[in-house]
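Welcome! Please take a moment to look over the sequence and the 3D view before reading on.

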Amino acid sequence: MPSLFPVNDYALIAVILGMPLLGAFVNGVWGKRLGEPAVKLMALAAIGTSFLASVVTFFALKGTVAADGEAKLVWSAWEWMHTTGGKNGVSVPIDVRFSIDQLSGVMMLIITGVGFLIHVYATSYMAKDEGYARFFAYMNLFVFSMLVLVLADSLPLLFVGWEGVGLCSYLLIGFWYQTSANAEAGKKAFIANRIGDFGLLCAMFLLVRYTGALDWHGISNGAASLLNPGEGARVHVWPLGGGQYTGLLHFLQPKSPVTISAATAVTLALLLGCTGKSAQIPLYVWLPDAMAGPTPVSALIHAATMVTAGVYLICRLSFVFVLSPFTMMVIAVVGAATALLAATIAAVQNDIKKVLAYSTVSQLGFMFLGVGVGAFTAGFFHVFTHAFFKACLFLGAGSVIHAMHARIHDGNASQDVRNMGGLRKWMPLTHWTFAAATLAIIGLPFTSGFFSKDEILYRAYVDHTVNPMPGLASRPHGGVFEPPQWLGPVLYWVAWTAATLTAFYMVRLYLLTFWGEFKGWVVGRPSMLGWPAHHGGAKGEHHEEDLSQPGYAPHESPWQMTVPLIVLATFSLGAGVLNPGFGIERQPMEHWLEPVFHAASEKAVLFGHGNDAVWAADMMWKLAAISFLAFAIGTAIAWWMYIPSRGEPARRMAEASPGLYRLVLDKWRIDELYEATVLAAVDSLAETSAWVDQAIVDGLFARLTTLLVGISGTLLRAFQNGVVHVYAAFMVAGLAAIGWFFTVPHPAATVVDAGNDDYVVTAAPGIGYAYRWDADGDGRWDHEGFEQGDTTLKLHVEPGKTMLVRLEVQNAFGLVRAKKIHVVARPQAPISSL
Amino acid sequence: MESPETPVFSHEDRASWQARLAVIAVVAALAALAARMSHEAVPVLGAVLIAALVPRQHGWTVRVPLAAMAGLLALFVVRMWPDVAEVADATATSPEGGHILSWMIALPILGALAVLVLPRQAEGAQRGLTLVVMLTTLGMSLKLLSVSMGRGFHFDENVAWIPRFGIHYHVAVDGISLWLLILTTVITPIATYASFGSIHARIKEWCFSLLVLQCGMLGSFVAMDLFLFYVFWELMLIPMYVMIGVWGGSSRIKSAIKFFLYTMFGSVLMLGAILYLAYDYARVSGGPPSFDYFELQRVLLPLHVQGWLWAGFTLAFVIKVPMFPLHTWLPDAHTEAPTAGSVILAAVMLKMGTYGYLRFSMGLFPEMSAAWAPNLAGVAVLGGIIYGALCAWKQDDAKRLIAYSSVAHLGYVMLGLFALTAASIEGSVIQMVNHGVSTGMLFLLFGVIYDRRHTRQLNDFGGLARPMPVYAALFVVATLASIGVPGTNGFVGEFMIITGTFASNMLGHFNGVQATGAAIGVILGAIYMLMVVQKMFFGPVSEKNAKQHDLTARELLSVAPLAMLIFIIGLFPNVFLSQIKGAAARVKDDFDSRIENNPPPMFYEGPTKLMPRRPEAPQPATAAAAPH
């Protein structure tokens with residue numbers, strides 16, 4: 001094996017990447033002709049092979065871990081392009097090169113593993129959809145793009161995957177494109193992601209300029225220059241780009257220019273990209289709408305993999321992010337705020353997928369909080385566990401929707417928890433797996449979610465990010481912002497509240513779906529009913545049924561759907577052993593990832609209280625107990641509200657403050673806020689531009705000039721009236737004008753630089769002209785009389801001085817006209833010898 | 001033409017299956033043979049086979065040409081692969097004789113004359129001749145690829161034309177004009193072939209115009225004598241004016257005149273500047289005037305004189321590009337032009353402006369170009385990339401929208417030129433080609449639906465993805481290229497331009513702001529192009545749209561090569577960049593050497609003088625070459 005795939009030319013990566021691409025191509029081009037079984041085979045074989053190759057690769061990677069922890073498998077495909085960067089404008093090659101290290105190895109396994117399970121699930125879920133082949137083509141293409149994203153060895157290549165997953169997400173959200181709302185949601189997702197991509201583009205041009213590289217190794221080598229003020233790596237925020245505002249704009253000039261370090265600029269730009277992809281404030285609004293896509297898509301793309309790309313990127317470039325404690329603080333604050341905001345919204349939603357969508361946004365907020373406080377392993381571990389339990393939840397929800405679809409064909413009604421209830425009787429497997437995943441996400445002790453979330457909360461409290469290069473602080477502009485000490489506890493309590501809400505809304509969802517009475521339709525006795533008429537999971541078929549008639553009980557899903565659920569539920573419960581925390585010796589995940597994060601977190605992330613390790617260890621158990629309370633309180637309230645009280649308290653609360661309830665139900669009307677502010681501004685700007693373009697620009701350059709030409713034509717035409725008297729009159733007037741011109745002298749002169757600051761002034765000749773000069777401009781003529789031959793005057797003018805020369809011309813008729821001439825000597829231009 | 005009701009396989013089809021299998025077997029045998037002969041054959045045959053298998057509803061009349069195109073493009077990539085090309089260059093001395101450039105210019109003109117003598121009724125012969133001439137020109141242009149371009153000029157031909165005024169027939173090609181030439185020879189046959197599906201009146205005149213137009217475009221890209229350049233520049237104008245005015249839409253006359261007057265206004269000023277420059281050369285050198293590019297490049301003018309001449313040239317070019325605020329002729333011209341006219345106008349003729357600015361404004365007047373670069377870059381970003389995109393967003397007419405998107409895209413190209421870093425110039429040149437490919441494809445595709453529905457209003461469409469899935473897929477591909485999704489060609493150019501812009505020190509302290517502004521264009525591009533896709537293809541399908549049939553063989557064949565090129569440039573840009581690199585570096589070095597000696601803000605204000613010839617300029621014409 002080692003000889004077949006050497007570390008520096010690990011061509012097996014081509015298989016990992018190539019199989020999903022092949023699947024996408026085959027299903028996309030020939031899918032319609034192949035038929036469902038062949039499409040299914042192609043898609044599953046593609047992802048399955050990719051998964052097997054990933055497992056092999058993972059163990060190969062494990063075998064190459066060096067003594068210092070370094071492990072990297074590299075495969076260079078071909079040279080892609082190049083650009084200009086660095087301090088001296090050198091050529092920076094950008095190659096199509098992939099690499100696998102510990103971090104991307106884990107991601108690769110999640111993507112192909114969870115991806116394979118979801119593909120298996122989808123073969124049944126999407127059965128009989130007319131876009132079956134198209135669906136799997138997109139899904140395979142998505143897996144390919146996501147693998148490119150994590151395996152890329154440079155930022156531009158990562159960007160290929162980054163945009164690729166955005167594109168697949170766009171195509172899959174709008175999969176049922178004939179409903180405008182779906183296509184609209186896809187567009188919204190793509191554009192929100194594009195705003196993030198804008199940030200990534202900005203980060204790339206900053207990085208290539210300041211570090212002279214875009215591959216991970218090169219960036220890490222040049223990263224120090226992002227913070228080193230000696231190398232001019234300051235980005236001028238105000239005045240824009242540097243410079244001075246003068247004149248009318250002077251009031252805009254600040255006392256001292258506002259600058260940030262290049263590290264902060266780069267990381268903030270990267271963060272914008274990450275918030276777009278990972279659905280954080282301010283760009284989270286697309287993710288809930290993305291639930292318009294088929295449910296397996298929600299599970300794969302909008303829960304388990306794509307949306308974690310932002311967290312992955314922060315982890316990947318952790319050594320850049322830690323250079324800016326300010327950005328780290330922003331990440332943590334954004335994460336905590338998003339976690340809380342999304343949790344509040346999730347607590348009142350009635351659509352099963354919407355609840356899970358906001359739950360995803362909220363959990364991503366936890367991950368951001370984790371990486372933002374410098375606990376990269378903890379944040380990434382939450383990515384890992386979340387992939388299992390959220391995929392399980394979404395697939396479970398899909399299973400439920402699939403059952404509801406048997407009689408409720410309206411997309412919204414079939415997903416409404418108010419139509420569900422009591423499903424545990426009929427769908428035992430779905431119920432138990434859903435319950436397991438719910439327990440994991442709400443943090444029941446010893447499930448995977450408990451370990452990952454608890455670690456994040458704990459580290460949020462005790463960690464403190466500091467300037468990793470304290471030596472710079474003494475230099476001018478070397479000061480680096482550091483977050484205040486009180487931030488940790490604040491973040492902790494915000495996240496604690498969000499965790500409580502998580503427990504509440506997840507238990508609420510679980511209880512409403514699986515407990516109580518079934519409210520979808522009247523369930524009749526099988527013997528009284530005919531054969532079920534409709535039995536497909538596909539949407540888009542609209543024939544309403546009379547739900548008051550008794551019908552079959554909701555059915556459990558086929559094995560293709562339940563087996564993935566069982567596997568995912570097992571991992572949801574058990575994956576925590578990989579990183580149990582609590583000072584336990586055996587921490588496989590942390591140990592595995594340590595080489596990736598060690599350099600970044602060593603100097604930049606300390607414990608609070610002046611790096612007090614004893615205090616931190618002391619806090620561990622106290623905080624764990626408080627975190628357990630979050631789980632207990634949330635669960636207990638939800639139980640009390642929905643089982644003994646049958647939802648009565650919730651109704652009363654909603655009635656008590658209907659305004660607030662509507663506001664939260666409408667997602668705090670953030671979408672409307674965006675529409676009224678940013679979108680309206682851009683929209684009216686575009687309207688104005690389009691109007692200006694037609695009315696002013698075109699009016700000025702096309703219509704006004706046409707008009708002027710037209711008017712002058714009309715005016716001139718008036719003279720061409722064919723009346724001889726008029727023509728004769730013009731001739732006389734013209735002759736008179738010419739006559740006058742010749743009777744008056746016309747003084748004119750040219751000044752020629754003769755070198756050595758000497759100038760020669762030459763008067764223009766004319767018939768019978770005589771000249772007299774006043775060379776020094778003192779008002780007295782050099783000679784009183786006019787002389788015919790006196791046409792030139794030589795002068796010497798010092799550089800930078802001005803000299804006034806007067807000239808009078810007398811013609812043969814004795815008429816005299818005068819002219820003033822300024823002879824200005826320029827300062828000597830720096831003309832070098834050539 | 002097939003209609004959707006026709007079954008995909010009839011009985012005859014089944015009967016001939018065995019024959020087809022035999023054909024496949026023969027092809028496979030040939031493939032195996034070829035694979036043994038050369039390692040190049042494997043990717044080529046792979047491409048051929050895949051392309052032959054892809055089309056769903058078409059027979060061998062489509063599969064074979066498609067396979068041929070794919071094979072040729074694969075061969076092109078394999079042959080031009082940077083390492084391979086360098087090795088080949090080292091071993092073989094490049095034959096540059098044969099007057100290829102002259103033949104490329106002459107052939108379309110000869111073809112045009114031949115079309116004139118054909119009888120009017122023989123429309124098939126006229127069409128066939130036109131295509132044969134264009135494809136021959138394409139074949140000849142591929143011969144140019146046998147030479148590694150490097151920094152210099154190649155296929156240089158320099159013959160005295162009007163010796164009394166120092167006017168020469170001087171043509172040459174370098175890494176910058178190479179791809180623009182090939183773009184021209186690729187796009188014109190495609191546009192011509194596609195147009196035969198929709199133009200049915202005055203075929204003779206149509207073919208004549210197309211051939212003359214091609215001659216003018218090719219000549220402009222290779223002319224190294226300013227007088228000759230001007231002749232071709234004006235020659236190009238007339239056929240396009242006629243094409244819009246005769247075969248255009250409802251208000252075609254107005255648009256044609258607007259197009260003509262705008263362009264003419266600029267060119268007349270350029271003519272004045274050319275004449276002044278030529279006679280200034282005579283004054284300084286003491287010899288006869290010269291219109292030769294490499295000689296005129298030697299003239300070092302004081303800044304205040306340079307300003308006027310630079311303005312004359314630059315005005316002509318920015319009108320052609322077009323840059324804000326001189327762009328309003330473009331939407332009108334595009335809207336009224338027939339599909340082929342729009343394609344050629346967008347794909348090639350607009351590049352005349354950017355190419356001209358790079359070659360002439362920057363080559364002849366570096367000081368003035370440097371002085372104006374920061375301001376013009378601001379115009380390119382604000383007035384082009386952002387304003388153009390915002391205007392595009394608010395158009396209801398699809399062709400107007402694509403026209404405004406051209407304004408935005410060419411804003412990137414101009415920004416790259418103003419920034420003047422190695423990467424940004426290369427990015428600009430590749431972006432010129434990219435825009436030609438992707439916008440050309442968009443216009444072609446829109447022409448398809450226009451021929452069916454005879455409306456350009458976006459709101460008249462909707463849900464077309466259902467009746468026309470192949471069309472929708474190809475349109476989405478063109479859209480992705482247009483908004484610069486990585487992996488397609490658009491990204492390569494934009495990325496190089498944006499990163500190159502930020503690395504620039506030509507733009508003063510505004511390089512960061514301008515790079516950011518250019519990056520914002522990426523968002524806006526997605527907004528307006530996705531709106532088009534949304535309105536045309538998604539949502540419920542109306543009855544009129546539901547009956548439309550998918551692409552015909554002609555439409556598919558004309559679009560396919562462009563779709564392939566989108567991915568080839570996107571994935572293997574080095575194939576193209578390796579030829580551009582040297583020329584871009586030369587332009588930058590020429591520019592920098594002048595600016596270093598005459599630094600800003602004064603630049604140069606002394607008397608006009610002659611500098612030495614630039615090292616990469618081809619040998620001047622010998623006295624023997626000039627007839628006495």
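This report goes through the chains, their contact and a few local features in turn.

## Confidence in the model

What you see here is a predicted model, and its overall scores are ipTM 0.90 and pTM 0.90. For chain B, the average pLDDT is 87, with 92% of the residues scoring at least 70.

Where in chain B is confidence lowest, and where is it highest? The lowest mean, 49, belongs to helix H1 (residues 11-15) of chain B, while helix H9 (residues 203-222) of chain B has the highest, at 94. Residues 1-12 of chain B stay under 50 in pLDDT, and the model gives them 7 contacts beyond four places in sequence. Another stretch of chain B, residues 623-628, also has a pLDDT below 50, and it makes 7 contacts beyond near neighbours in sequence.

## The overall form of chain A

Chain A is built with 27 helices and 12 strands.

How much of chain A is buried? Of its 834 residues, 50% count as buried. If you take the contacts in chain A with a separation of 6 or more, 77% of them link residues 24 or more positions apart.

## Two domains in chain B

Chain B is split into domain 1 (32-80) and domain 2 (81-614). The C-alpha centres of these two domains of chain B are 29 Å apart. The contact between them draws 14 residues from domain 1 of chain B and 14 residues from domain 2 of chain B. On the domain 1 side of that contact, there are 10 nonpolar residues, 3 polar and 1 charged.

## Where the chains meet

Now for the contact between the two chains: chain A contributes 54 residues, and chain B contributes 54 residues. On the chain B side, the elements giving two or more residues are helices H16 (366-393), H18 (422-453), H20 (489-502), H21 (511-537) and H24 (573-597) of chain B. Which of these gives the largest share? That is H21(B), with 12 residues. By class, the side of chain B that touches chain A holds 36 nonpolar, 14 polar and 4 charged residues.

## Cis peptide bonds

In chain A, the peptide bond from Ile281(A) to Pro282(A) is cis, and its omega is near 10 degrees. Pro282(A) sits in the loop between helix H8 (262-277) and helix H9 (286-289) of chain A.

Chain B has a cis peptide bond between Val321(B) and Pro322(B), with omega about -10 degrees. You can find Pro322(B) in the loop between helix H13 (303-320) and helix H14 (329-336) of chain B.

## Positive phi in two arginines

Arg646(A) is not a glycine, yet its phi is positive, near 50 degrees. This residue is in the loop between helix H23 (613-642) and helix H24 (648-656) of chain A. Arg646(A) counts as exposed because it has 12 C-beta neighbours inside 10 Å.

Arg669(A), also not a glycine, has a positive phi of about 50 degrees. Its place is the loop between helix H25 (658-665) and helix H26 (670-719) of chain A. With 14 other C-beta atoms within 10 Å, Arg669(A) is partly exposed.

Notes: Residues are numbered from 1 along each chain as its sequence is written. Chains are lettered from A and ligands numbered from 1 in the order in which they are written. This is a predicted model: local features need pLDDT of at least 70, side-chain atom pairs count only at pLDDT 80 or more; totals for chains, interfaces and linings use all residues. Helices (H or I, at least four residues) and strands (E, at least two) are DSSP runs, numbered from the N terminus. Ala, Val, Leu, Ile, Met, Phe, Trp, Tyr, Cys and Pro count as nonpolar, Asp, Glu, Lys and Arg as charged, and the others, Gly among them, as polar. Domain bounds come from an automatic or database domain assignment. A residue is buried if 20 or more other C-beta atoms lie within 10 Å of its own, exposed if 12 or fewer, and partly exposed in between; C-beta atoms are placed from the backbone. pLDDT is the predictor's confidence in each residue, from 0 to 100.
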